Amino acid sequence: MNDARAEGFVVFDRVQKSYDGEILVVKDLNLSMPKGEFLTMLGPSGSGKTTCLMMLAGFETATHGEILLDGRPINNIPPHKRGIGMVFQNYALFPHMTIAENLSFPLEVRGMGKSEREQKIKRALDMVQMGAFGNRRPAQLSGGQQQRVAPARAPVFEPELVLMDEPLGALDKQLREHMQFEITSLAHNLGITTVYVTHDQTEALTMSDRVAVFNDGRIQQLAPPEDLYERPENSFVAQFIGENNKLEGVVETINGNRCTVRLDDGTVIDAQPVNVTKAGERTRVSIRPERVESNPERLSPDAHLIEAEVQEFIYMGDTFRIRLKVAGQDDFIMKYRNAQDQGRMSPGQKIRIGWRAEDCRALDA
Amino acid sequence: MTSTATDPHPSDEELTGGELKRRLARALRRQKIRALLLIAPLLLFILLGFIAPIGSMLFRSVENNIVTDIMPNTVAALQTWDVDSTELPPEPVFRAVVQDIQVAAEQRTAMQLARRMNFEVPGFTTLMRQTQRAVRRWDVETDGPFRDQLIEVSSDWGDLHTWRALKAYSSEYTSGYYLAAVDHTMVSGHIEPLPDDRSIHIMLFWRTAWMSALICFMTLLLGYPVAFLLANVKERYANLLLIMVLLPFWTSLLVRTSSWKVLLQEQGVINDFLVWLGLVADDNRLSMINNKFGVIVAMTHILLPFMVLPLYSVMKTVPPSYVRAAKSLGANDWTAFWRVYFPQSIPGIGAGAILVFIIAVGYYITPELVGGPSGMFISNRIAHQWYVSGNWGLVGAPGTILLVAVLVLYWVYDRVVGIDNVKLG
């Protein structure tokens, strides 16, 4: 951890947190992020991600371990001296102040002069295209407009670190996608280091440089979005990110980055060993629906093919989803692009499916 | 239907022609009737128990038909007499007085008139009693002229003041009670201030107002931190605290006030303790009761829940994220409180303050029990007028002034803070 401590801008070093003295909400958290990074903490509710954010902001104290900001331990620094901007879940725009006063607040408490304040407020509002709304109260804005102002207030005093706690939680899908783009471009344009908390995986994948997947008080995997989706390191991540088929069995042979797994009903499949090291270990393999292949010609000749029975054919516009019965399980999903030459299938139809070994990851059981 | 076969919807014209409104009204009528029936018992109760007494109070504050009822001839005869005249009224007026009092004596209503006039002119009862006794034997037709005879019975009949007062208060409706309520009189036929030794109401109104304001401020000072604590501790502690705040609420008002008596009196707990500590000499004990101090202490205690509860209900709705946001933006604890939290608790302060002030202004029992003469409120004076003097007019007039003052206050408050911003729970 010493290297990371030296180079990271934000560092969590063996941090633990308990609220009641009995249960650890955060267990042994280690994280190091460089300056300028957009990092997302993703996880189901109760996984400890918001607690981590609150500890970083200074509203909760770590029961063990150290948090460092730019090389300085900040455990004993009160929130208002940390210089960390924060965007809250429900905007937290002060209802008794106008938008301009809201933005002016952090500058006023820092004793900044009036003309300088006005200049910064104008720039910040223009950046989110809200220049015309400075004199309105938050209640006079629509939810979407408030949403645009909230991320503009936190960076207005030019903090080096901005924290965002599910800032897009209450938005409809379209506005959400638009705001995702605005927030990332705001962060990148200003060169701000950002920690973003969400339980929405799409948001995490599209916005972040790196994503930390939280579960049970620990980071399960910390990786760029692509790695997270393509190369999940354990069953939880595979299951949590994107759609996933899981099959359980025992490793039969293992040979470098190839292995075969005998499923519980006797079927043998190809896989790539990730969390397994020797034959005989139990494993849960993970394969993405879009990587399942029903046309053997597209697979290598020695690939294992397995029997499947179509249960349901679901038309989804741009894609087809086919629910299959595979190895005794009837929740196996195969996904196809809606292409001209793509044939449709009907329930009861028997097909043979397979996949490339590298698309099928043998993870922990 | 003006619509064509291809258009199954009624045209806009049809809908805006009032037909839709009528249909809606018909559809809602049943609901409205049901709603009205549900609130009918309460509505009736309020009408009988609240609106009617207030109406009667308003009426009594101006009603003055006793004089015209009992002395109709005199009132009529006095019509031509000028109040500013330095001459006594002419003989026909004296004659009318004899006539009227003879009738009144027979119907035993003379003393009602005497009592009414005595509110304005001390000594009128004596005058009436003497006159009543004398005129009984007289014959209106033959025994005249009466002017000198009446003056013989009581020299007051020869005094211009008597006649001026009689004329001033002879109209069926009078502003006399309102004048009296603000320490003025028109016994001379003109409005003028009462002499200082009889002026008490303005002083009492003023005292009631400033003491209520002070009590209001004290409850705010004491209640704000409690409400803040209530709104910010864990639920189970908050419930316990809330019970402690409400506990005095559930105890009888009389018990609470009396216990203050036990604590504050000269031989009371606090004085004994201070003497024991040596802070106060035994022969120079503090007088903390039967004065303003006692009233302020006891009423602050009694009215505290009325401040705490609205404050609490408002504070509970202020999300902690606002203060957190302020801190993350660089505000220290005090700035975050003063610039972000406090402004958002103002509706609660407003609600609590208006509630406490209005209740305090009309408070009766506590000033009565622990106030003594110097801690008396206007309501105690009103009560006195009722059960000691029986002067209903002087119950109605200050009562109405109090009511109007509260309504004006409410209106001003609505203008400044906005009544919609008030949250009581």
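This is a predicted model: local features need pLDDT of at least 70, side-chain atom pairs count only at pLDDT 80 or more; totals for chains, interfaces and linings use all residues.

Reader: Why is H5(B) called roughly antiparallel to H6(B)?

Author: The axes of H5(B), residues 110-120, and H6(B), residues 124-135, cross at roughly 155 degrees and come within 8 Å. Angles over 145 degrees count as roughly antiparallel, so H5(B) and H6(B) get that label. The crossing of H5(B) past H6(B) is right-handed.

Reader: Which residues of H5(B) and H6(B) meet?

Author: On the H5(B) side, they include Ala110(B), Met111(B), Leu113(B) and Met117(B). Their partners in H6(B) are Phe124(B), Thr125(B), Met128(B) and Gln132(B).

Reader: Now to H11(B). How do you know that its reach is close to what is expected?

Author: H11(B) covers residues 235-250, which is 16 residues, and spans 22 Å from its first C-alpha to its last. At 1.5 Å a residue, 22 Å is also the expected value. There is a kink of about 30 degrees at Met244(B), however, shortly before the proline Pro248(B).

Reader: What makes H11(B) hardly covered?

Author: A buried residue needs 20 or more other C-beta atoms within 10 Å of its own. Among the 16 residues of H11(B), the count of buried ones is zero.

Reader: And how many residues of chain A are in contact with chain B?

Author: There are 18 on chain A, in contact with 15 residues of chain B. Strand S6(A), residues 84-87, and helix H3(A), residues 99-108, each supply at least two residues of that side of chain A. S6(A) gives the most, with three residues.

Reader: What makes the phi of Glu158(A) worth a remark?

Author: Most residues other than glycine have a negative phi. Glu158(A) is not a glycine, yet its phi is positive, about 55 degrees. Glu158(A) sits in the loop between H5(A) and S7(A).

Reader: Why is Glu158(A) counted as exposed?

Author: The cut-off for exposed is 12 or fewer C-beta neighbours inside 10 Å, and Glu158(A) has 12, so it counts as exposed.

Notes
Residues are numbered from 1 along each chain as its sequence is written. Chains are lettered from A and ligands numbered from 1 in the order in which they are written. Helices (H or I, at least four residues) and strands (E, at least two) are DSSP runs, numbered from the N terminus. The expected span of a helix is 1.5 Å times one less than its number of residues. The bend at a residue is the angle between axes fitted to the seven residues ending there and the seven starting there. Axes are lines fitted to C-alpha atoms, for helices over the stretch in contact, and angles run from 0 to 180 degrees between N-to-C directions. Angles under 35 degrees count as roughly parallel, over 145 as roughly antiparallel, 65 to 115 as roughly perpendicular and the rest as oblique. A crossing is left-handed if the near helix is turned anticlockwise from the far one by less than a right angle, and right-handed if clockwise. Two residues are in contact if their C-beta atoms, placed from the backbone, lie within 7 Å.
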